[in-house]
Amino acid sequence: MPLARISLPAGRTAEYKQALGDGVLRALVETFNVPKDDQFMVFSDHSAEDFVYNRNYLGIERSDGFVLIQLTVSNTRPLAKKRALYRRIVELLAERPGIRKEDVFINLVEVLPENWSFGNGEAQYVSE
């Protein structure tokens, strides 16, 4: 059910993006109980002038490898699961494709289950 929007610097390879998407999905499966075939992701490449971020906000040293991951999810998970998700995403992306933990920015946008339609004009997560 999550919708992942992943913004990154322009010039990354298809393999890099695949590894990034695989890591995010794996973390969602492991920590949020998301089915492994529930993969909906949008990658956006940005030039330096279109990808603005503070390199030292909250004392975290960010580099040119900065990646912004925004996940729209149903508002059904407690704080402990969210923290586990953040940690697992960072662990997996450090392994492959090799992103520094300081360069991974994650934002969850929580919506009600009724705010999803996966096709056919239906709200699949709502039982009437």
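My entries on the cavity, the pocket and one threonine follow.

**Ground rules.** This is a predicted model: local features need pLDDT of at least 70, side-chain atom pairs count only at pLDDT 80 or more, and totals for chains, interfaces and linings use all residues. Residues are numbered from 1 along each chain as its sequence is written, and side-chain values use heavy atoms, with hydrogens and water left out.

**Cavity.** I searched the whole structure and found one cavity of 30 Å³ or more. A cavity here is a set of points on a 1 Å grid over the protein atoms alone where a 1.4 Å probe fits but cannot get out; lining residues have an atom within 4 Å of a point. The volume of the largest cavity is about 30 Å³, taken as the space filled by probe spheres set on the points. Its lining includes Pro2, Leu25 and Phe40.

**Pocket.** A pocket is an open set with protein on both sides within 12 Å along at least five of seven lines. I read about 200 Å³ for the largest pocket. Among its lining residues are Tyr53, Arg62, Lys101 and Phe105.

**Threonine 31.** I placed threonine 31 in helix α1 (residues 14–32), a DSSP run of H or I with at least four residues. Threonine 31 counts as buried because its relative accessibility is 12%, and buried means under 20% relative accessible area (1.4 Å probe, protein chains only). A polar atom of its side chain lies 2.7 Å from the backbone oxygen of alanine 27. Leaving out residues up to four places away in sequence, threonine 31 touches Lys81, Ala84, Leu85 and Arg88, with contact meaning heavy atoms within 4.5 Å.

Note on methods:
Helix = DSSP H or I, 4+ residues; strand = E, 2+ residues; numbered from the N terminus. Buried < 20%, exposed > 50% of the residue type's maximum accessible area, 1.4 Å probe, protein only. Polar contact = N/O pair within 3.5 Å; in protein donor to acceptor, adjacent residues only side chain to side chain.
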